[in-house]
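Please find my notes on this model below.

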Amino acid sequence: MNDISSYKILDASCGARSIWFNKHNPNCLYIDSRIENHTEIWESGKTGEKRFIDVHPDIVADFTDLPFPDNSFYLVVFDPPHLLRAGETSWLKKKYGKLPDNWRPLIHDGFHECMRVLKPNGTLIFKWNETDIPVSEIIKACGFEPLFGHKSGKASKTHWLCFMREE
């Protein structure tokens, strides 16, 4: 890994990097709170097909306590866990993680850390799925107002929101 000053982008909760076209973008520093080495997350009862997950961040860190100085990145990508009611052994929990019952401080602190490490006028791209918590509740908890957003997916439950750190 290079000196962090060589990175323009931070993915603050990279997981398996499933949103990335180039999962090894040289401009991006990928962090996550866990490492998963080809962990089986699901097996079909009908076909026996198996799904696996690999999570290999450049740095293992918690998005509520980022180990970077203020004003470090031009762009931050933030795709935190979004599930409250996932079963402990469900493949969704294994893939995306699970929020604690008291999720508001976690989301608030994650947003504030992401904004702290953004350069002035930097951009935060936030991805959220409303399976368990409406995006309106997330916006209240984070304490920032998005500039714009877009709904996607079959049921339009996934939201992509754009925020900017003011000078």
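**Notes on the predicted model**

1. The buried residues of helix H3 are covered by, among others, H2, strand E7 (118–129) and strand E9 (158–164). Helices (H or I, at least four residues) and strands (E, at least two) are DSSP runs, numbered from the N terminus; contact means heavy atoms within 4.5 Å. The model is predicted: local features need pLDDT of at least 70, side-chain atom pairs count only at pLDDT 80 or more, and totals for chains, interfaces and linings use all residues. Residues are numbered from 1 along each chain as its sequence is written, and side-chain values use heavy atoms, with hydrogens and water left out.

2. Which residues of H3 are buried? In H3 (residues 135–142) they are Val135, Ile138, Ala141 and Cys142, where buried means under 20% relative accessible area, exposed over 50% and partly exposed in between (1.4 Å probe, protein chains only). These residues lie on the same side of H3, because they cover an arc of only 115 degrees around the axis; the arc is that of the directions from the helix axis to the C-beta atoms. Gly143, with a positive phi near 85 degrees, follows H3.

3. Phe68 is in contact with Ile4, Leu10, Leu29, Ile31, Ile59, Phe73, Arg116 and Val117, leaving aside neighbours within four places in sequence.

4. Arg17 is in the loop between strand E1 (9–11) and strand E2 (28–32), and Asp58 is in the loop between strand E4 (50–55) and strand E5 (59–60), 41 residues apart. Arg17 is buried at 8% relative accessibility, whereas Asp58 is partly exposed at 35%.

5. Glu88 and Lys98 form a salt bridge, with their closest N and O atoms 3.0 Å apart. Glu88 is exposed at 54% relative accessibility, and Lys98 is partly exposed at 31%. Salt bridges that share partners join Asp32, Arg34 and Glu36 into one network.

Methods. Salt bridge = Lys/Arg side-chain N within 4 Å of Asp/Glu carboxyl O.
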